[in-house]
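Hello,

Here is the structure we talked about. Please open it first, then read my notes below.

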Amino acid sequence: MHELSIVHSIIDIAEKQVKENQASQVDIIELEIGQLAGVEWSALDFAWEAATAHTVLEHAERQIIQREGRAKCMECLTEYASETLFTPCPTCGSYFCDFIQGKELRIKSLTIS
Amino acid sequence: MCTTCGCSQPADAVTIQLVGEIDHIHIGGEEHHHHPTHDHHHGEGCRHGHGHGHGHGHGHGHGHHHHHGEGVKHTHTPNSKTVLQLELDILQKNQLLAERNRGYFEAKHVLALNLVSSPGAGKTSLLERTLHELGGQTAFSVIEGDQQTMNDANRIAATGVPVVQINTGKGCHLDAEMIAHALRKLDPVPNSILAIENVGNLVCPALFDLGEHRRVVIISVPEGDDKPIKYPDMFHSAQLCLINKIDLLPYVSFDVEKAKDYARQVNPNLQFIALSATTGEGMNEWYSWLHTQLSAR
C-alpha cells in the first residue's frame with residue numbers, strides 16, 4: 001500500500017546521497033518514525049524487503065527510532081501521551097489538541113561507504 | 001509494454017490522458033510521438049517525472065564542513081565510512097511538489113479540492129450533479145484518479161467540463177507529481193474550481209498532500225457511522241466531511257450525529273454537510289460552501 005511509496009521515496013533519497021558522495025552503498029540507515037505517522041510496521045517491513053533489492057539499501061542495517069505520540073491539549077495546555085489521533089486529554093477530556101510528537105517520518109542519517 | 005501506444009513502458013506505469021485522446025504521457029518514461037500534429041512540450045520542467053528539483057533538506061541550522069561541496073553535516077568513522085546527518089522528511093519531495101502546485105493554484109485563482117472516500121461512496125455522482133447544476137455559472141475542471149479505465153473521466157466529459165484521467169496502474173493514491181503533470185494537460189482557467197477525485201481509498205491518500213486548498217472526505221450512509229473512527233488519518237486530514245446517500249437513512253442503521261461525534265474526536269474542526277447526490281437534498285448547502293470557498297480565493 002502506501003508503505004511501498006514511502007520505501008521508494010527512501011530509496012530515491014539514499015541513491016542520490018550515495019551518488020553525490022561517490023560511495024557505493026548504505027551500511028546503516030537511521031529512520032525516525034512516529035506512532036501517529038500513518039505507517040504500518042509489518043507493511044513497511046514487507047515493502048522494504050521487496051523494494052530495496054538491487055538498490056544501495058539492499059544490505060543496509062535499519063535502525064528505527066520510534067517516537068511515541070504526544071499531544072498538547074488546546075483547552076488546558078496539559079501535555080499527554082497519545083496513542084491515537086483521538087485520545088482525549090486526561091485532565092479535561094477535550095479532543096482539541098495539537099500533536100507535538102509522533103508524526104515524524106524521516107531519515108535521520110545514512111552511514112555510507 | 002504499454003498496450004495503448006506500444007512503447008517500452010511497463011503496462012502498469014502511470015498514464016495521463018484527456019478523454020478521446022489517443023496520445024498519452026507516461027510519468028518517468030521517455031517522450032514518444034504518435035501524431036506529427038500533436039503538441040509536445042520539451043525543455044525544463046517537462047512532463048517526464050524525473051530531474052525535478054529535489055530539496056536535499058540541507059540547511060537545518062547545523063554548522064558543517066563542505067568536504068564534498070554538499071552542505072550536509074557528516075562525520076567519518078574510523079573504518080572510513082561516512083555518516084550523513086540528513087534529518088530529512090521522507091515525503092519531502094511530495095511536499096515540495098505539493099507546495100509548487102499550491103503556488104500554481106494561487107496564481108491562477110483556482111480553488112483546488114481533493115475529494116477522498118472509499119470506493120463507491122459517490123464522489124463521481126456528486127461531481128456529475130454539481131457540474132450539471134453549477135456548470136453554467138462557474139467554471140470547473142476535473143482530475144480523475146483510478147487504477148484503470150477512463151470510466152469516470154467519460155462520465156465527467158459528458159457534462160461538458162474539461163477533465164483528465166490519471167490511471168495509477170498498481171498505485172493506490174494520487175500524489176503531487178501526478179497532479180503537476182495532469183495540470184499541464186488540463187490547463188484550468190483562472191477563477192475556476194478544480195475538483196480532484198482521488199483513488200477510492202480511505203487509507204493511503206491521507207499521507208499525500210496534492211497542493212489542494214481543501215480536502216473533502218465523503219462517506220455514504222450504507223458504510224456505517226463508525227467509519228470516521230476506523231479511518232482516523234483521513235478524517236484528521238480533511239476540512240469538510242460530506243455524508244452522502246441520506247436518502248437511504250430509512251433502510252440502514254446509520255446515526256448521523258454519532259458519525260459526526262466520532263469524526264470530531266479525530267478532528268474537532270471538521271465541518272459536515274449531509275446530502276444526497278441522487279435526490280438533491282442538501283446539495284444547496286454544498287454549493288454554498290463551494291461559492292464561499294471560491295470567493296475567498
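Between which strand and which helix of chain B does the loop with B:His173 lie? That loop runs between strand 7 (163-167) and helix 4 (176-186) of chain B. Helices (H or I, at least four residues) and strands (E, at least two) are DSSP runs, numbered from the N terminus.

Before the rest, some ground rules. This is a predicted model, where local features need pLDDT of at least 70, side-chain atom pairs count only at pLDDT 80 or more, and totals for chains, interfaces and linings use all residues. Residues are numbered from 1 along each chain as its sequence is written, chains are lettered from A and ligands numbered from 1 in the order in which they are written, and side-chain values use heavy atoms, with hydrogens and water left out.

**B:His173**

B:His173 is buried, at a relative accessible area of 4%. Buried means under 20% relative accessible area, exposed over 50%, and partly exposed in between (1.4 Å probe, protein chains only). The side chain of B:His173 makes a polar contact of 3.3 Å with the side chain of A:Ser5. A polar contact is a pair of N or O atoms within 3.5 Å; within protein, one must be able to donate a hydrogen and the other to accept it, and residues adjacent in sequence count only if both atoms are side-chain atoms. Setting aside neighbours within four places in sequence, B:His173 is in contact with residues of both chains, including A:His2, A:Ser5, B:Met178, B:Asn198 and B:Phe208. Contact means heavy atoms within 4.5 Å.

**The interface**

On chain A, 33 residues are in contact with 33 residues of chain B. The size of an interface is often given as the accessible area lost when the parts come together. Here the buried area is about 3100 Å², and carbon and sulfur atoms give 61% of that. Buried area is the accessible area (1.4 Å probe) that two parts lose on being put together, summed over both. In chain A, the residues that lose the most area to chain B are A:His2, A:Leu85 and A:Phe86, together 18% of what that side buries.

There are 4 salt bridges between chain A and chain B. A salt bridge is a side-chain nitrogen of Lys or Arg within 4 Å of a carboxyl oxygen of Asp or Glu. The side chains of A:Lys108 and B:Glu87 form a salt bridge at 3.1 Å, N to O. Three elements of chain A give two or more residues to the side that touches chain B: helix 1 (2-20), strand 1 (26-34) and strand 6 (105-112). Helix 1 of chain A gives the most, with 10 residues.

Strand pairing also crosses between the chains. Strand 6 of chain A pairs with strand 4 (residues 82-89) of chain B, antiparallel, over 6 bridges. Two strands pair if DSSP finds at least two bridges between them. The bridge partner of A:Ile112 in strand 4 of chain B is B:Thr82.

**Inside chain B**

Chain B has 8 helices and 11 strands. Of its 297 residues, 54% count as buried. An open sheet of 9 strands has the order 2-1-7-6-8-5-9-10-11, with mixed pairing. Its edge strands are strand 2 (25-26) and strand 11 (271-274), each pairing on one side only.

Strand 6 (residues 140-146) of chain B runs parallel to strand 8 (residues 193-197), joined by 5 bridges. Strand 6 of chain B is also parallel to strand 7, again with 5 bridges. Why is strand 6 of chain B largely enclosed by the rest of the structure? Because 7 of its 7 residues are buried. Both faces are covered, with B:Val142 and B:Glu144 among the buried residues on one side and B:Ile143 among those on the other.

In helix 7 (residues 256-266) of chain B, the buried residues include B:Val256, B:Ala259 and B:Val266. B:Asp255 caps the N-terminal end of that helix, with a side-chain oxygen 3.1 Å from the backbone nitrogen of B:Glu257.

Last, B:Trp289, in helix 8 (residues 283-295) of chain B. B:Trp289 is buried, at 9% relative accessible area. B:Trp289 and B:Leu240 are 49 residues apart in sequence and 9.5 Å apart in space, C-alpha to C-alpha.

Best wishes
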